Amino acid sequence: MLGKLDWSAIPFDQPIPLVAGAMVLVAILGVLTWVVVKGHLPYLWHEWITSVDHKRIGVMYVLLASVMLLRGGSDAIMMRVQQAIAYQSQGYLPPEHYNQIFSAHGTIMIFFVAMPFVIGLMNLVVPLQLGVRDVAFPTLNSVGFWLTATGALLVNVSLVVGEFSRTGWLAFPPLSGLTYSPGVGVDYYAWSLQISGIGTLVAGINLVTTVLKLRTRGMNYLRMPMFCWTTLASNLLIVAAFPILTATLAMLLLDRYLGFHFFTNEAGGNVMMFMNLIWAWGHPEVYILVLPAFGIFSEVVSTFSGKALFGYRSMVLATMAICVISFMVWLHHFFTMGAGPDVNAIFGIASMIIAVPTGVKIYNWLFTMYGGRIRFATPMLWAVGFMVTFIIGGLTGVLVAVPPADFLLHNSMFLVAHFHNVIIGGVLFGAFAGFEYWFPKAFGFRLDERWGKLAFWFTFTGFYITFMPLYIAGMLGMTRRLQHYDVAAWRPWMFVAAIGMAVLSIGVICQVMQLVVSIRNREALRDRTGDPWDGRSLEWATSSPPPVFNFAFHPDVRGEDAYWDLKTHAKQQLLGHHPEPEYQDIEMPKNSPTGFVCAFFATIMGFALIWHIWWMVILGGLGAFATFVVFAWRDHDEYVIPAAEVARIDGVNLEERRSLVSMAGSI
Amino acid sequence: MNLLDPQGPVAVANSQILVDSVFIMLVIVVPTIIAILAFAFWFRASNRRAHYQPDFVYSGRVEMVVWAIPALTVILLGGVAWIGSHQLDPAAPVPGTGSPVRIQAVSLDWKWLFIYPDQRIATVNTLTVPAGAELNFQLTSSSVMNVFFIPQLGSMIYTMNGMVTRLNLRADNEGKLQGLSAHFSGDGFPDMMFDVNVISPLAFPDWVATTAKTDSVLNEDSYKKLMEQGIERGRPTYRLEDPRLFDLIATQHIPPGPGPQIASGAGRPRSGGLDAR
Amino acid sequence: MSMTATVGRGRADPHHIGRAIEHPGPASKRIVTAYGFWVFLLSDIVMFSCFFAAYAVLVGQTADGPKGSEIFEHRNVAIETVCLLLSSFTCGMASIAADVRNRFWFYLGMAVTCLLGLVFLTIEFREFANLVSRGYGPSRSAFLTAFFSLVGCHGLHVSAGVLWLLTMMAQVFAKGFRADILRRMMCFALFWHALDIIWVAVFSVVYLLGSSV
C-alpha cells in the first residue's frame, strides 16, 4: 500500500535531523496557524500564491532562496565543525549522516539557493528594465516557481522521512546506482532535481522569449541594460543545458527503477558517459549562475560610480563569448580520468580562454569606477568585495585548468576553496548586491545601511577566514568529503576554517537583522521617488513598488541608460510644460492557481515515486494532467484596468517625481 | 603530504608547473587588485580632488589593452598547459634505475589492494616500493570510482570498474609517505588512506621474500571476501596464487563488488561493513 | 508620466553605436507564443540529443545479447515512418483548415493525424512487447537500454502529442477558432512536425545504421 515507506523511514535513532526537522515543522505550523488565525490567508492566496505578476514571483523566488540559504548554511556549519573536531576520531557525525550533509549542502546551495536567487532577481527586474508590463508567459512563470519550490520541499522532507543522497551533489554512478545506494536518498535527489529542473527550464524559456521578443519601443539590443544581456545569455544556457540534466537524471532513474544499464558496471553500462553528460550540463550551469551576477555588478558599479558602463559593447561581446565557450570546457572536470594529453590540453586551454572575457569584464568595471563619483552604499561594497575576491577565484580557477596542476589539485580542498571562492565571491555577493540594490524597488523602502555594511564586512572577512585555510589544506594534500582524518597537519586549518564559518554566520545574522530593522523603520526608509539610488535604467522610472502594470505607458527609449537620459533631459528643460497624459485601459493577465495546484500534484507524484507508491503516482499524474486541461479550458485569462484607475495610480507617482526633478533642477 | 615537498620527478614537475602558473598570473592579478582598491578609494564621492569624468565610457586604446592583457596571459599559460599535459601525461614513461616495478592497484570498498604480479605477492593498504625505480601502475576498481593519489609522488588517476587506467611514477627518497583516495566512494571513504613505504632498492627483494612467506593466499575466493564492504585497519599481505587475478577483475570475470548488505529499513540502509575488521 | 513616454534625448548614444533601426516595441502575442514554443522545442531536441549520444556510446555494448541487425524489422519501421510522415501532412492540412476556420477539414485532418499517430504507437508498442517477450528487454544489455530509451522517449512524445491533439479537437469543438486556441494549434503543429524530424533522425541513426552493423 505504501511502497517502501514504513516507520523505519523516520530516523528515531538520529536526534539531530529529527530535532531539526521537528523544529522546522513547528515553525511552519506556527506560521501557518498565525496566517490562518490573523485572517491573512485570503491575502496570501490572492496576492501571492496565485499571483502571476513577475515582481511577486521574483520576490517569492528570492524568499525561497533565502530560506534555503539558511538550511544550506546550517549544513555548512555542521560540516566545518565536524572537520574541525574529527581528527583521529569520528567527530560527532557518523559517515552516513555526514555524507548526506555534504550532498544536501551542495544540492541545496546550487539548485535551491543560487538558482532561485538569480532567477528571482531576473524575474523582478528584467521586465522593468525592458520597459514592459510582464514576462512573455506569466502563468508558466508561476508554474516554474512552484515546481522549484516543490523540489526544495522534497529535499527537506528527506530530512525526516527516509534519507537524502549520500553520493555528493552530482551523484556519480556506480555509487549512486541501485547496487551501491539501495536507499531512497538518491531518489529524493534525482526526483527533486527533475521537478525543479522543469521549473528552471520553464523560467529559462520564459526569460529568453521576454528579452528577445518583449522590449519597449526603441529598446534595441545594444540599448539593453547589461543585466538584460547577462539574463539573455544565462537563460540561453538554461535552455541549452538543463535538458541535458533532465536526460542524464532520467537515465540514472531508469537504471535505478527499471534495471536499465546506462551507467551500471554490468551489461556494458558506461560510467564515464555520466561524467561527460553531467558536466556538459554542470559547467554551463556555473555560468548560468555567475552571468546574472556579472549583470548585477555592471548595474551597481555604473549606478554608484555615476557613470555609464565603460566599454558597453566589449561587455556584451564578453558576455556572449562566455555563453558560447562555457559549452566547450566540461572535460576539465575530469582531467585525471586518463584521457590523452591532447584532449586534456585542448580542454585546459579552452577553459583558460573563458578567463579572457571574464578578465575583460573586471577591467571594464575598473574603468567604470575610473573618473566616477563613487558612493559606497551597501550594493557598491558588495561589488568591490566581489571584484577583489573573484580575481583570486579566477586565478585558482585558471590554475586548475592547467592539467598537470590539476593532477595534484583535482577533488582536493583547494578545489573546494576555489569554487566557493567564485560561487560565494561571485554569485552570492552578486545576489546580495542585487538584493540590496533592488529591494527598494520591490518593497518601496530602502534597507538599513548600517546593518547592511556590518553584514558585508562580516561576510567578507568570514569568507576569507573560512576558505583561505582550505586552499592551504588542499596544498597539504587534503581531499574533499572526508568525514574524519588522521593527518595532524590539516587540523589547524580546519580549526581556522570553523572560526571563519562563525564569522560568516554573524554576517548572515546581520543580514537578517538588517531586514528586521528595515521593516520596523520602513516609514523612515520609504522611497517616494521610485529612484533611491539615482539610477540609470528604466526600472527606476516607475514608482517603488511599481504598480501591477509597471508602466502606464510603454516608455519610448532613445538611447542607452534610458532613465538617465530622461532625467538629464528633464533637468535641461527645467520641467517645462507637461500636458496631462492620456491614459488608456490596460489589459493584465489574471491570477491563476495553476502553478500552485501543479506543484501540489508534483509533490505527491514525486514523493510517491521516491517511495514506490504506484497508485499515488497515478493519482498525482492524473491530477497534474487535469490541472493542465482546466487551465487550457479557461475563457478569460486577462482583466482590464480602466484608464481612470491607471490615472489615479500613476498620478500619485507623477507628483513625487515632479518634485524630485524640480529639486534636482534647482540645484 | 605537502604538495610543495615533492618526493618524485612527476610531483616535482607537477608542482613546478603549479607554482609557475601562480606566479605568471600574480603578475597581472596583483596590480589589478591594487588598481581596484586604489580607484575605489580615490574616486570616492567625498574626495574633492578626484576629477569626475562622466563621459569617460569608451576608449579604444583601453579596450585593446584590457583584451590584450588576459589574452596574452592565457596564451602564455596555454603554452605551459600544452607542453605540461604532454610531458606529464600519467601514462608517459618515467625512467628510473633498475628494472621497473609493475604494480596493479585495485580500489575495493573501502581499501586498496596492491598486486605485485611479477613478485607474486599482494598487500592491502600498504604500498611498498623501491626508491629510484620506475613504478608502472595499472589501476582498476572492484566497484565504484575512486582516485589513486600519493600527493608527494604526483599525478592522481581514476580507478573504474571494468576499465584499466595507467600511471607511471617514481619515488626518489626512502621514507614513509601517505596516499589516499581522492574521489568520494561511500561511507568508508575516509579510511581509504594508505601507507607508502619507499625502501632502498637493495632491501626490496628482502621485503618481497618476507612477504611471500605469508600463509594467506590471494585467489578468487579470498578476493571476493576482501571486496565486501568494510574497513581494513590491519595491513594484511598475501601470496598471489594467480598472477592473472588483476585481469580477471578488470575484465569483470570476477563480478563487481556486492554493495551494502541492507541492515535496516529499506528507506535508510546502513552499510553493515563499517566496523573495523 | 509624459516624461517616461519620451525617454532620453541628451547624450543618448555614449558609445557612438550610431543610429540603428528603432525597435518597434513588444511583439504580438502570436509571435511571442510561437517563439517561446520554438525555444522549448530546441530544448527538447537537446534532450533527445543526449539520448542519441548515449545510443552512440552504448550501441556496441551488447553484453552477448542481440545486435541491432538481429532485432530490427524493416517492414514495421517502414510502415511507422510512412505513418508519421503522412501524419505531418494531415497535421499541416488541419493547421490550414484552422487558419481559414473550416471546421470540417480541421476535424478531418486532426482525426486522420490522430489515427496515424495511433497506428504508429501500436506498431511500436508491439515491437517493444515482442522484444521483451523474447527476453530482449531494456535490462538485457546497455545497447538495448539505449535503444528502448531513445525510441521509447520519442514514443512517449508521440503519446503526449496524441493527448494534446484530442484536447485541441475538444477545444475547437467547445470554443471555436478563438485567437488563443489558434495559437495553441500553431504550437501543436510545431510539436508534431518536430517529432517527425526527430523520427527521421531515429530512423536513420537507429534503424538504418543499426541494421548494417
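How much of chain C is helix and how much is strand over residues 35–211? Select that stretch and look: it is 86% helix and 0% strand, with helices and strands taken as DSSP runs (H or I, at least four residues, for helices; E, at least two, for strands) numbered from the N terminus. Its end C-alpha atoms are 38 Å apart. An unreviewed UniProt entry places the feature "domain: Heme-copper oxidase subunit III family profile" at these residues; such annotations may be inferred rather than shown by experiment, feature names are shortened, and positions follow the numbering used here.

A word on what you are viewing: this is a predicted model, where local features need pLDDT of at least 70, side-chain atom pairs count only at pLDDT 80 or more, and totals for chains, interfaces and linings use all residues. Residues are numbered from 1 along each chain as its sequence is written, and chains are lettered from A in the order in which they are written.

Next, show chains A and C together. Their contact (C-beta atoms, placed from the backbone, within 7 Å) takes 66 residues from chain A and 51 residues from chain C. On the chain A side, select helix H7 (226–258), which gives the most, with 10 residues. That side has 40 nonpolar residues (Ala, Val, Leu, Ile, Met, Phe, Trp, Tyr, Cys and Pro), 17 polar and 9 charged (Asp, Glu, Lys and Arg), with the others, Gly among them, counted as polar.

Notes:
Contact = placed C-beta atoms within 7 Å.
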